[in-house]
Structure formats: C-alpha cells, structure tokens
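Hi everyone, thanks for coming. Please have a look at the model on the screen, and I'll walk you through a few spots in it.

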Amino acid sequence: MDIKTASALRRLRLVSAPEAVSFLLLLVCSALKRMTDFNAVPVMGAVHGILFVIYVLFWLDAWNKTKWPLKTAALYFVLSVLPTGGFFAERMLRREAEASVIAARARKESAQRTASA
C-alpha cells in the first residue's frame with residue numbers, strides 16, 4: 001500500500017468515530033427537544049452535517065485510492081448512516097491498515113531474502 005492510500009484510509013478512520021458520536025448526540029438532542037425545553041438540535045445538526053460531509057469526502061477518496069469492490073465501498077457508506085456504524089467502520093479500517101502493514105513487511109522480508117540468495 002502506498003503512502004497516499006494509507007493516508008486516505010487513516011483520514012477516513014479518524015473521522016469515523018467522531019461522526020458516529022455526533023450522530024448519537026444528535027439523536028439524544030432530538031429526544032431532549034421533545035421531552036424538555038432544551039433544543040440543541042440546530043447546533044448538533046450542523047456539527048453532524050459537517051462531519052458527515054467530511055466522512056463522505058474521505059470515503060470517496062479512500063474508495064478511489066484503494067479500489068475497493070462496490071460491496072466494500074457500499075458497506076463503509078451504509079455504516080456512516082447507522083447510529084453506531086462509524087465505530088464499526090473505524091474498527092474495520094484499523095484492521096485493514098494493520099493487515100496491509102503486515103503484508104508490506106512480509107513482501108519486504110521476502111525481497112530481502114531473495115536479494116541475499
């Protein structure tokens with residue numbers, strides 16, 4: 001995996017959890033608005049909207065750079081619209097990054113063994 005692809009995945013991973021938290025807070029604010037006089041929906045709606053747009057932009061960039069199959073790309077998008085989906089996306093992206101680092105190290109060691117032989 002090249003540095004641009006790794007950076008795209010890292011950006012998407014880093015925005016996944018805050019986007020999920022903002023969605024959950026927006027749901028809480030919506031419930032509080034109906035039960036009390038507290039109305040933070042406009043503020044949380046704006047915060048969540050900005051984070052969602054950033055997530056979608058980073059998702060498109062990651063999809064473009066990783067060349068994910070449509071099924072994988074769709075999964076990451078669907079996770080962005082589920083209340084706790086961002087947490088699952090972050091975990092999956094971390095595993096994907098770790099697997100690519102392990103694969104890169106294995107390729108490097110294999111190339112070194114081949115060169116020294």
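Predicted model: local features only at pLDDT ≥ 70, side-chain atom pairs only at ≥ 80, totals over all residues.

Residues are numbered from 1 along each chain as its sequence is written, and side-chain values use heavy atoms, with hydrogens and water left out.

Let's begin with helix α1, which covers residues 3-35; helices here are DSSP runs of H or I with at least four residues, numbered from the N terminus. S16 sits in this helix. Is S16 buried or exposed? Its relative accessibility is 0%, so S16 counts as buried; buried means under 20% relative accessible area, exposed over 50%, and partly exposed in between, with a 1.4 Å probe and protein chains only. Beyond its neighbours within four places in sequence, S16 is in contact with Y55, G86, A89, E90 and L93, contact meaning heavy atoms within 4.5 Å.

Setting aside residues up to four places away in sequence, R11 touches F58 and D61. The side chains of R11 and D61 are joined by a polar contact of 2.5 Å; that term means a pair of N or O atoms within 3.5 Å, where within protein one must be able to donate a hydrogen and the other to accept it, and residues adjacent in sequence count only if both atoms are side-chain atoms. As for F58, it is 47 residues from R11 along the chain, yet their C-alpha atoms are separated by 6.6 Å.

Now on to α4, residues 85-116. Which residues of α4 are buried? They are G85, G86, A89, E90, L93 and S100, and they pack against α1, α2 and α3. The 32 residues of α4 should span 46 Å at 1.5 Å a residue, and the end C-alpha atoms are 47 Å apart, which agrees; the expected span is 1.5 Å times one less than the number of residues.

My last stop is K67, in the loop between α2 (41-66) and α3 (70-80). K67 is exposed, because its relative accessible area is 62%. K67 is not a glycine, but it has a positive phi of about 60°.

Notes:
Helix = DSSP H or I, 4+ residues; strand = E, 2+ residues; numbered from the N terminus.
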